Amino acid sequence: MASSTSGHCLFISLLLLSAGAAYGQLSTSFYATSCPGLESTVRSVVSSSIASDRRMGASLLRLFFHDCFVQGCDASILLNDVGSFVGEKTALPNANSVRGYDVIDNIKAAVEASCPGVVSCADIVALAARDGTVLLGGPTWNVSLGRRDSTTASKDQANSDLPSPAAGLSALITAFANKGLSAQDMTALSGAHTIGFTQCQVYRSRIYNDNNINQQFAKLRQSNCPATQGVNDTVVAPLDLQTELTFDNAYYGDLLKNKGLLHSDQELYNGGSQDALVKKYSSNSAAFFADFVTAMINMGNISPLTGTAGQIRANCAVVNY
């Protein structure tokens, strides 16, 4: 009787699992049978990429953020402009700025070699973001998988929904709330700026016009970012003054000293609602890491295409026809 009951329970469990898949539940074991070597394949390619360019870890993390904030985590950011099809790569926040497309293509090629037609580009982007974080010293987490790839993109939404580096705290909180993310998620995700760089044209206004900036820091950044628009526009500076290529909590310490490079960074610590959390993260890296992981999982759950929606692109840059 016990074995019969066990068998019945197993059958019910399988029914529930299949129902979950049909209704689009993401799962950390989604490819356990269909592509068991997936995560090691992704990790290998990301590791090689970071070995030759440590900035790539930050770029892959940013790629995931810019994907999820536009139509959800659906790899729409990877689609090229082809004929009358307009993608998101030329949107203002992405053009000549977002990097890592080639790394995603390399991962896709490696995955297709062992599991053809199985793994979505959207899931590859999610895994690459996690691995880029881990390989630069950040926390790890189990990535829920089962996203499918969009057949559409929205340049307009990329221009409107991605938070501006010039945004104030209220606008930032609203932009994240519009995606189902809390103010805490926003402040934790902003800690991704502990790695990576940004261009002079993005932070110029901050270092010449803001009052809540350490003057010595401003002068340091002004030394290779002139006030004149069009001069040194693409020269980059690290978002984290102290440990630019290590994922840690130093970014928050920069904010306490008014050394945030972007206006939107310093808004997190400027007499507003997030001040206490910034202080907490600056002195407690474990708390930051834990909240960052939670926020990354929450962001990865923004409007995924699942079940039979979307497709599994053969080439991440173009829709299957």
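**Rings, cores and a loop**

Trainee: Are Phe288 and Phe289 buried or exposed?

Mentor: Both Phe288 and Phe289 are buried. The cut-offs, with a 1.4 Å probe and protein chains only, are under 20% relative accessible area for buried, over 50% for exposed, and partly exposed in between.

Trainee: What should I know about the model before going on?

Mentor: This is a predicted model, where local features need pLDDT of at least 70, side-chain atom pairs count only at pLDDT 80 or more, and totals for chains, interfaces and linings use all residues. Residues are numbered from 1 along each chain as its sequence is written, and side-chain values use heavy atoms, leaving out hydrogens and water.

Trainee: What's the average pLDDT?

Mentor: The average is 93, and 93% of the residues score at least 70; pLDDT is the predictor's confidence in each residue, from 0 to 100. Residues 1-23 are below 50, and beyond near neighbours in sequence that stretch has four contacts in the model. A contact means heavy atoms within 4.5 Å. Where pLDDT is low, the predicted coordinates should not be read in detail.

Trainee: Back to rings. How many aromatic pairs are there in the whole structure?

Mentor: The search finds 14. Rings of Phe, Tyr and Trp (its six-membered ring) pair if their centres lie within 6.5 Å; planes under 30 degrees apart are stacked, over 60 edge-to-face, and the rest tilted. Take Tyr252 and Phe288: their centres are 5.0 Å apart and their planes at 70°, so this pair is edge-to-face.

Trainee: Where do Tyr252 and Phe288 sit in the chain?

Mentor: In distant parts of it, 36 residues apart: Tyr252 is in helix H11 (residues 250-256) and Phe288 in helix H14 (residues 285-300). Helices (H or I, at least four residues) and strands (E, at least two) are DSSP runs, numbered from the N terminus. Tyr252 has a relative accessible area of 0%, so it is buried, and Phe288 is also at 0%.

Trainee: And what about Phe288 with Phe289?

Mentor: They make an edge-to-face pair too, 5.7 Å centre to centre with 65° between the planes. One aromatic cluster takes in Trp141, Phe247, Tyr251, Tyr252, Tyr281, Phe288, Phe289 and Phe292.

Trainee: Which residues touch the most other members of the largest nonpolar core?

Mentor: Leu78, Ile104, Ile107 and Met299, out of 72 residues. A nonpolar core is a set of buried Ala, Val, Leu, Ile, Met, Phe, Trp, Tyr and Cys residues joined through side-chain atoms within 4.5 Å. Domain 1 (37-162) and domain 2 (169-298) both contribute residues, so this core lies between them. The domain bounds come from an automatic or database domain assignment. Another core, of eleven residues, lies apart from it and includes Phe217 and Leu239.

Trainee: How many residues of each domain are in contact with the other?

Mentor: 20 residues of domain 1 meet 17 of domain 2, and the C-alpha centres of the two domains lie 22 Å apart.

Trainee: New topic: what sits over the ring of Tyr101?

Mentor: The charged end of Lys89, 4.2 Å from the ring centre. The test is NZ of Lys or CZ of Arg within 6 Å of the ring centre and within 35 degrees of the ring normal. Leu78 touches both Lys89 and Tyr101, among others.

Trainee: Last one: where is Gln229?

Mentor: In the loop between helix H10 (215-222) and strand S2 (236-238). Gln229 is at 72% relative accessibility, so it counts as exposed. Thr234 is found in the loop between H10 and S2, and at 55% it counts as exposed. Thr234 touches Gln199 and Gln201, not counting residues up to four places away in sequence.
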